[in-house]
Amino acid sequence: MQLKAPAMFFAVGILWAACVLFVGLANMIWPSYGQAFLQLCASIYPGYHPSTGFGSVLIGTVYALVDGSIGGAIFGWLYNRFAENL
């Protein structure tokens, strides 16, 4: 069985962006929520600074969408390469 790489591209990108968006918004409501996760994201995504407002949450979400999409495409491609050899 093969995976469709474009489907993985969209699915993983949207899922990862939704996670970052949800945690970022929850952190705006409850400032202690998800601090370690958001600090990890800030160390990976340049220009993203958690707890600085809604604009920063959107920047982190866009970075997560791009990052997750690339990761999903690579995962789908690797899966298909290994699946055809087994």
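Analyst: α1 passes α3 in a right-handed crossing. This is a predicted model. The two helices, α1 and α3, pack at an angle of about 155 degrees. Their axes lie 6 Å apart. Angles over 145 degrees count as roughly antiparallel, so α1 is roughly antiparallel to α3. By class, the contact of α1 with α3 holds 17 nonpolar residues, eight polar and one charged.

Now the other partner, α2. This helix covers residues 35-44. α1 and α2 pack at an angle of about 125 degrees, and their axes are 10 Å apart. The pair is therefore oblique. The crossing of α1 and α2 is left-handed, whereas that of α1 and α3 is right-handed.

Which residues meet where α1 packs on α2? From α1 come Trp16, Val20, Val23, Gly24 and Asn27. From α2 come Gln35, Phe37, Leu38 and Cys41. Sorted by class, this contact of α1 with α2 has six nonpolar residues, three polar and no charged.

A search of the whole structure finds one cavity of 30 Å³ or more. The volume of this largest cavity is about 50 Å³.

Some names return in the lining. Gly24 and Asn27 of α1 and Leu38 of α2 take part in the contact of those two helices, and Gly24, Asn27 and Leu38 also line the largest cavity. Met28 is in the lining too.

By class, the lining residues are five nonpolar, seven polar and no charged.

To draw it together: α1 packs against α3 at about 155 degrees and against α2 at about 125 degrees.

Notes: Residues are numbered from 1 along each chain as its sequence is written. This is a predicted model: local features need pLDDT of at least 70, side-chain atom pairs count only at pLDDT 80 or more; totals for chains, interfaces and linings use all residues. Side-chain values use heavy atoms; hydrogens and water are left out. On a 1 Å grid over the protein atoms alone, a cavity is a set of points where a 1.4 Å probe fits but cannot get out, and a pocket is an open set with protein on both sides within 12 Å along at least five of seven lines; lining residues have an atom within 4 Å of a point. Grid points are joined across faces, edges and corners, and a volume is the space filled by probe spheres set on the points. Ala, Val, Leu, Ile, Met, Phe, Trp, Tyr, Cys and Pro count as nonpolar, Asp, Glu, Lys and Arg as charged, and the others, Gly among them, as polar. Axes are lines fitted to C-alpha atoms, for helices over the stretch in contact, and angles run from 0 to 180 degrees between N-to-C directions. Helices (H or I, at least four residues) and strands (E, at least two) are DSSP runs, numbered from the N terminus. Angles under 35 degrees count as roughly parallel, over 145 as roughly antiparallel, 65 to 115 as roughly perpendicular and the rest as oblique. A crossing is left-handed if the near helix is turned anticlockwise from the far one by less than a right angle, and right-handed if clockwise. Contact means heavy atoms within 4.5 Å.
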